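Let's take a friendly walk through this structure together, one residue at a time. Please have the 3D view open as you read.

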Amino acid sequence: MADPTKTYPLPKFHFQVSWGKARLGFTEVTGLDFETEVIEYREGNSKKYNKLKQPGLTKYSNITLKRGTFLGDFDYYELWKNTYFFQEVNAKFRTTVIIQLMDEQHNPIISWTLANAWPTKIQATDLKADANEVAIESMELVHEGLTITEAP
C-alpha cells in the first residue's frame, strides 16, 4: 500500500511565522522565491557562435505578510518605525524570520529562513463603505538571504 504522505501534495493553509522569538499569526505569505542571474560570456576568438552561460548573483524577492487588523495592535507600524535607525551600529532592527509549513500534527515540514529581514513597506487596509470583508493590513519585508530546509 502506498504511503499517503508521498501520494498527496501538501496543503498550504497551515503555517506559522516566527519573528525573532515571537510567533505571529498571518493569513497570507507571498514572495518565497529566488532567482539566479545568468552571466553570458563569449571570447572573441571562440569558434562557437554562441555565448557561454554561467550562474551569477542570486536575487531574492521581497516577502509580503498579510493579516487581519486588530484594535490596539500597531506592531507593524512599530517595526517599521525602527527602519529610521538604518545606519545604527549592529543593525538592531534586523531579525531572522522563519516561515514554516506545518502538517496535521502541527509539526514543521518545510522551513524558509530569512536572514536579516526588516520591513520596507506597510500597507493599511483599504476602506470601502459597501464591502463585507475583514480589514487586512500587509507588511513587505526585505532580507539578505533565503534558506529552505526540510524537516527530518
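**Charged partners and a buried serine**

Let's begin with arginine 94, which is buried, with a relative accessible area of 19%. That label applies because buried means under 20%. Keep in mind that the model we are exploring is predicted.

Which residue does arginine 94 form a salt bridge with? The partner is glutamate 144, and the closest N and O atoms are 2.6 Å apart.

Now turn to another group of charged residues. Salt bridges that share partners join Glu40, Lys51 and Lys53 into one network. Glutamate 40 pairs with lysine 51, with the closest N and O atoms 3.4 Å apart. Here glutamate 40 belongs to strand S4, and lysine 51 to the loop between S4 and strand S5. Glutamate 40 also meets the side chain of lysine 53 in a salt bridge of 3.7 Å, N to O. Lysine 53 lies in strand S5 and glutamate 40 in strand S4, so this pair ties together parts that are 13 residues apart in sequence.

Lysine 53, at 62%, counts as exposed. In total, the count comes to 4 salt bridges.

Finally, find serine 18 in strand S1. Serine 18 counts as buried at 14% relative accessibility. Leaving aside residues up to four places away in sequence, serine 18 touches Arg23, Thr96, Val97 and Ile98.

Definitions and conventions
Residues numbered from 1 in each chain as written. Predicted model: local features only at pLDDT ≥ 70, side-chain atom pairs only at ≥ 80, totals over all residues. Heavy atoms only, no water. Helix = DSSP H or I, 4+ residues; strand = E, 2+ residues; numbered from the N terminus. Buried < 20%, exposed > 50% of the residue type's maximum accessible area, 1.4 Å probe, protein only. Contact = heavy atoms within 4.5 Å.
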